[in-house]
Amino acid sequence: MDAIILQTLNGLDKGSAYALIALGLTLIFGTLGVVNFAHGALFMIGAFCAVFLQRILSLSTITIDETQKDFLGNPLKVETPYVHNWFGPETGSLIIDWSVPLAIFFAIPVMIAVGFIMERGLIKHFYKRPHADQILVTFGLAIVLQEIIKYFYGANPIPTPAPDALKGAADFGALFGFDPNVIIYPYWRLIYFCFAALIIGAVFAFLQFTTFGMVVRAGMADRETVGLLGIDIDKRFTIMFGIAAAVAGLAGVMYTPINPPNYHMGMDFLVLSFVVVVVGGMGSLPGAVAAGFLLGILESFASTTWATTTIPGINQIIIYLVAIIILLTRPRGLMGKKGVMED
Amino acid sequence: MSKSNLTRRGLLKTSAIAGGGLMLPTYLRAAAHAGFTNAPQGDTVTLGFNVPQTGPYADEGSDELLAQQLAVEHLNGEGDGGCLNTFTSKALKGNGILGKKVTFVTGDTQTKSDAARASAKSMIEKDGAIMINGGSSSGVAVAVQGLCQEAGVIFMAGLTHANDTTGKDKKANGFRHFFNAYMSGAALAPVLANEMGTDRRAYHLTADYNWGWTQEESIVASTEALGWETVNTVKTPLASTDFSSYITPVLNSGADVLVLNHYGGNMVNSLSNAIQFDLLNKQVNGKDFKIVVPLYSELMAAGAGENIKGVLGSMNYNWQLENEGSKQFVKSFGEKYGKPPSNSAQTCYAQVLLYADACERAGTFNPCGVVEALEGFEFDGLGNGKTLYRAEDHQCFKDVLVVRGAQNPTSAYDTLEIVEITPVEQVTYAPNHPMFGGDEATLGECNPGA
């Protein structure tokens, strides 16, 4: 029982990342009709917003300490962060320690701006081109973006830890009557799941309960008619691109304490996220979220010793196997609608 | 009046032969003069440095390339001479190799076997490289070693830790300075027994490819010999990024030690994930839970950050070694590049110097002469202490370092601290050891090329 609960938690956690990325992909596809292969790169740029802020907060003055030596035997250069000088060592350390949560506020405007620039500067020129062209140009853009990040930050992962107060694991099982230390789960992963649920809820609420969201939904259903009503739907869709970029970026920011970010992390998620979108149903936002969590959970259970012993290699193929089965039985995916990508 | 013998048919024949000759790869044309591939012409000799310049190990490749460039400088008599001052063989004079100035070309392995073979092939056939050095993966090393054997050039491996490189896949033209998985197990075992006792239950997570398998086999053998029990060995896909679903089964498995047979990004992520689950603060079977990472590198340690604190592992070399060769190399490398060398950089530097020295001692660039000079060669002064290039398998035998993630690093470079320098006798094994292919594995014949 404890193994089932733990793997379900793992699945929900993995699914959170898949769902957030797939949600952004679906928003862009549903509004602009663009298959955005650069979406994984937006997730990666979000993660590097956290790295960038951590570096900014850690900018230091250098003093020479004659009592200590560096690796060449020269007096050691001791770095003291400016925030230590400005706010005192205790508060300064606390600010640096909380750089990942603080990066959320930094990443939102940055990612919206990146989304705007990407859409207005490049992607809008490909709206009327075939999907193959869109895939090629966005995939190329993804490679350019990751090479830019590699140029500045190198290829090695960069540790970006969670705040000290949020490290460690909660005795999750004890809350539900299990023996102590049987079901423990990391605080930050629980936070990631809650954060993802919050963002997903916020996006749905925005689309469902605001006038802006209503217009966007109307535009997704019938762009031409909305345009005939005198509404500048393109402008709203551009804003949606920015919001989708911000969702992917926030997913990246919060992911950094789980795995140290590197320039390639977006590509690691990209293919899986597309499978999630297709399984959920092209253009379906609830489908993308549901498929994200479903595939996350299945992937976790397929990694158990029991599963890999029973069917060797199942952990490597489970997602694609499920995708095949779902597409054979429900060609439009779990919640796909007729007419989407069927011309 | 002169009479020309030129006929239309003769002209066509001559043109065809000349054209065919021009189309021959460089190494075949050169071979016609000296009897071996890419015999140096003129006053230069070209070495090929095949390192990952793109992909996840690009930083490691970059460090290797810095060391290789430094070695070329020292061979050509530039800079401070580096380990030419401490190397016990005094054949190198700082005037290139056999009087020829050393030049080099580079290739990008991308840490992919096919790409690494393609770049090595290009350097051999188009650029006339006479020796290939570098790399940071065993898959790449085995693939490139095979290519060099076929082409008739020497392969001086970079970072490759799988037993197979000098085991079942060993080749007469290939040489490995880096240590291997068996040596990691043999070096770690006594330290593990000392620090964790002989009554332990280990759970292995292993990268599902050749290197991971050989490391798991080696560590299981050495820890079981201590009396440890192996609870489970789980293979993880190389492409895995989140290891949580592999780590949660460890929690209630009864294991009190987790062995991570992972390298690079896999290791950074699996260790980070294990720390998130608070494993190091857990008590199992009345003992503190421990994590072991059998193969460390400085870049991995930097990537894992504070998660590495207190975690034991092994290395081929560490810049904190106090011997004269190491001090000299760290000084040369540090003054030129502003940082200490990694262990992959050191192995590449040593390999370039060892190749050059072998040419000098053999008095020829002929690969078979170089092989003969390297086989059974004993030396010191390159940073690892006394070392033997064993003739039977072309594996270097030297002390192995057991290291631990530093508790209180004072700089970005002292992330690892040396726990023990395991003497070479403790990590030596028979050339026909079953983990290295047994009696069936042979070096084959040296191939000088065309």
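Where in chain B is the place of B:A172? B:A172 sits in the loop that runs between strand 4 (154-157) and strand 5 (174-175) of chain B. Keep in mind that this is a predicted model.

**Around B:A172**

B:A172 has 18 C-beta neighbours inside 10 Å, so it counts as partly exposed, since a residue needs 20 or more to be called buried. Leaving aside residues up to four places away in sequence, B:A172 touches B:Q149 and B:V371, plus a run of B:L443, B:G444, B:E445, B:C446 and B:N447. B:K336 is another matter: it is 164 residues from B:A172 along the chain, and the two C-alpha atoms are separated by 35 Å.

**Two helices of chain B**

One of those partners, B:Q149, takes us to helix 5 of chain B, where B:Q149 is among the buried residues. Helix 5 is mostly covered, with 12 of its 14 residues buried. Besides B:Q149, the buried set includes B:S138, B:G139, B:V140, B:A141 and B:L147.

The buried residues here are B:G325, B:S326, B:Q328, B:F329, B:V330, B:S332 and B:F333. They pack against helix 3 (58-75) and helix 12 (343-362) of chain B. Just after helix 11, B:G338 takes a positive phi of about 75 degrees.

| Helix of chain B | Residues in helix | End-to-end C-alpha distance | Expected span |
|---|---|---|---|
| Helix 5 | 14 residues | 20 Å | 20 Å |

**How chain B is divided**

Chain B splits into domain 1 (44-179 + 319-398) and domain 2 (182-315). Taken over C-alpha atoms, the centres of these two domains of chain B are 30 Å apart. Their contact takes 14 residues from domain 1 and 15 residues from domain 2. On the domain 1 side, the elements giving two or more residues are helix 3, helix 5 and helix 12 of chain B. That side of domain 1 divides into 4 nonpolar, 7 polar and 3 charged residues.

UniProt, in an unreviewed entry, lists "domain: Leucine-binding protein" for residues 44-404 of chain B. Over that stretch the chain is 41% helix and 20% strand, with end C-alpha atoms 44 Å apart.

**Where the chains meet**

How many residues of chain B are in contact with chain A? There are 38 from chain B, and they meet 36 residues of chain A. On the chain B side, the elements that give two or more residues are helix 3, strand 7 (229-236), helix 8 (244-251), helix 9 (264-276), helix 10 (298-304) and helix 11. Helix 8 of chain B gives the most, with 6 residues. By type, the chain B side divides into 17 nonpolar, 15 polar and 6 charged residues.

**A look at chain A**

For chain A, UniProt (unreviewed entry) places the feature "transmembrane region" at several stretches, among them 42-64, 237-258 and 310-328. Residues 42-64 of chain A are 70% helix and 22% strand, and the end C-alpha atoms are 40 Å apart. Residues 237-258 of chain A come out at 86% helix and 0% strand, with the end C-alpha atoms 32 Å apart.

A:V322 is found in helix 14 (residues 314-329) of chain A. Is A:V322 buried, exposed or partly exposed? It counts as partly exposed, because it has 18 C-beta neighbours inside 10 Å. Not counting residues up to four places away in sequence, A:V322 touches A:V279, A:L295 and A:L298. A:T256 lies 66 residues from A:V322 along the chain, and their C-alpha atoms are separated by 28 Å.

The predictor gives the complex an ipTM of 0.90 and a pTM of 0.88. Chain B has a mean pLDDT of 91, and 92% of its residues reach 70 or more. One stretch to watch is residues 20-33 of chain B, where pLDDT stays under 50. The model has 25 contacts beyond four places in sequence for that stretch.

Key
Residues numbered from 1 in each chain as written. Chains lettered and ligands numbered in written order. Predicted model: local features only at pLDDT ≥ 70, side-chain atom pairs only at ≥ 80, totals over all residues. Helix = DSSP H or I, 4+ residues; strand = E, 2+ residues; numbered from the N terminus. Contact = placed C-beta atoms within 7 Å. UniProt positions renumbered as here; feature names shortened; annotations may be inferred. Nonpolar A, V, L, I, M, F, W, Y, C, P; charged D, E, K, R; others polar. Domains from an automatic or database assignment. pLDDT = per-residue confidence, 0-100. Expected span 1.5 Å × (residues − 1).
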